[in-house]
Amino acid sequence: MKALRSQRLGERVRAWQSQVQPVAVVASGQLVRVVGLTLEAVGCRAPVGSLCEIETEAGSLTAEVVGFDDQILYLMPVDELKGVLPGAKVTPLGQRQGLAVGMEMLGRVLDGNGEPIDGLGPLKTRQRTSHHAPLINPMARRPIHDPIDVGVRAINAMLTVGVGQRMGLFAGSGVGKSVLLGMMTRGTNADVIVVGLVGERGREVKEFIEEILGPEGRVRAVVIAAPADTSPLMRLRACETATRVAEYFRDSGKNVLLLMDSLTRYAQAQREIALAIGEPPATKGYPPSVFAKLPKLVERAGNGGPGQGSISAFYTVLTEGDDQQDPIADAARAILDGHVVLSRALAESGHYPAIDIEASISRVMPAVTEEAHLQAAQMVKQLWSAYRQNQDLIAIGAYSRGSDPLVDRAIALQPAFNAFLRQQMKTPVDYEQSLTQLARIAAQCKV
């Protein structure tokens, strides 16, 4: 009888145990040190890349784990750092929520987290995706065979870009990078445009959207903005979010034009984070992690696999002091499929877009153009280069006509070249028009 009661009691205990749901206990830690934008916490465990909540006088503050040292977690705030006290409670929150994606994103302006900042209400999408897409096997990518129309005559004709190509836009400050990007958004034949405005002045965001992008460009564009006054973590995320949004549309079968302004600000944001957590500087103050992250970001663009679309990308690279040998510019030039150089001298002379075709190159142009197009572009470039090399002598009257027939022809055609390479901001020129006008000017070169 006693054994029977014990058996029944055991069965009841097991039944109760089966109904009890395990509860995950998250250990909270405390803040022990704040230096600059780096917060140090102890007493809790969280993987790199996950989020933590910090209690402050101003409310809760969200921070991301960017590193650790033994039992110390290094955190970087997502938003402005204020109201933090010693010993503040730090609670791990787990991984970031998935990114909301869908066709509803078109025409919207988002922050680095993918949240709307345009005052048009929440983003009503039914789908969410991870912030990091799986890498595409390089053997699965389609080769670049077809040209893409960017609406800029100088690029269409002289520096033809292929669908899925990644180009750099190298320029100093104030020579027309943003205007050139706006021209592309208006004139391109891409299905979707994704614009990343990262690390620029806050007033330029609205100015770019309303004046440069315009209503006709915005209707098929998604803008991700993280101005210079946001945290380095938000600037870093903005570049990655813009790329992830472009990947979503590419995987949906769309041909995407990705315009990233700028790759330099992405590198500088990573430098701020890396130096803050103790990574040693290497080339001109840039830690090694910067040069490891650049190709990881850029390689996500390009053609997709079977059944997918493409991402044709333009990354602006700020050459400080117009130095083309800046470490970021040099690294970007090595991993991109060509570069468009904007000249300050041309901009100061009123030549817009200020594209220096002599210093620029598209590495896939021979694969996406016909032989006649390629020869015409080379002929124009040769004469343009001949004039530029002798420009000082011509300006002071030291060049004697008849000394070099090539230079004589270049001088005669200089007004035609300037008219061909210049273009009004709000007047796109499609690919076919560009080729027709190139053939016309190339015929004059042969005379």
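Q: Is Arg 237 buried or exposed in this model?
A: Buried means under 20% relative accessible area. This is a predicted model, and in it Arg 237 has 4% relative accessibility, so it counts as buried.

Q: Which side chain does Arg 237 meet in a salt bridge?
A: The general idea first: side chains of opposite charge can pair when their charged atoms come close. Here the partner of Arg 237 is Glu 64, at 2.6 Å from N to O. The two belong to distant parts of the chain, 173 residues apart: Glu 64 lies in strand S4 (residues 59-69) and Arg 237 in helix H5 (residues 232-251). Glu 64 has 11% relative accessibility, so Glu 64 counts as buried too.

Q: How many salt bridges does the structure hold?
A: There are 12. Another one to look at is Arg 33 with Glu 40, at 3.0 Å from N to O. Glu 40 is buried, with a relative accessible area of 11%, while Arg 33 is partly exposed at 45%.

Q: Where do Asp 330 and Arg 333 lie?
A: Both sit in helix H8 (residues 327-335), 3 residues apart, which is about one turn of the helix. Asp 330 is partly exposed, with a relative accessible area of 40%, whereas Arg 333 comes in at 15% and counts as buried.

Q: Which residues do salt bridges with shared partners join into one network?
A: That would be Arg 166, Glu 299 and Asp 337.

Q: On to rings, then. How many aromatic pairs does a search of the whole structure find?
A: It finds 2. To read such a pair, check the angle between the planes: over 60 degrees counts as edge-to-face. Tyr 248 and Phe 249 have their ring centres 5.2 Å apart and their planes at 65 degrees, so that pair is edge-to-face. Both Tyr 248 and Phe 249 are buried.

Q: Why is the pair of Tyr 286 and Phe 291 edge-to-face?
A: Apply that cut-off again: the planes of Tyr 286 and Phe 291 are at 70 degrees, so the pair is edge-to-face, with the ring centres 6.2 Å apart. Tyr 286 is buried, at a relative accessible area of 4%, but Phe 291 is partly exposed at 27%.

Q: What sits over the ring of Tyr 286?
A: The charged end of Arg 271 does, 4.3 Å from the ring centre.

How values were computed. Residues numbered from 1 in each chain as written. Predicted model: local features only at pLDDT ≥ 70, side-chain atom pairs only at ≥ 80, totals over all residues. Heavy atoms only, no water. Phe/Tyr/Trp six-rings, centres within 6.5 Å; stacked < 30°, edge-to-face > 60°. Buried < 20%, exposed > 50% of the residue type's maximum accessible area, 1.4 Å probe, protein only. Lys NZ or Arg CZ within 6 Å of the ring centre and 35° of its normal. Salt bridge = Lys/Arg side-chain N within 4 Å of Asp/Glu carboxyl O. Helix = DSSP H or I, 4+ residues; strand = E, 2+ residues; numbered from the N terminus.
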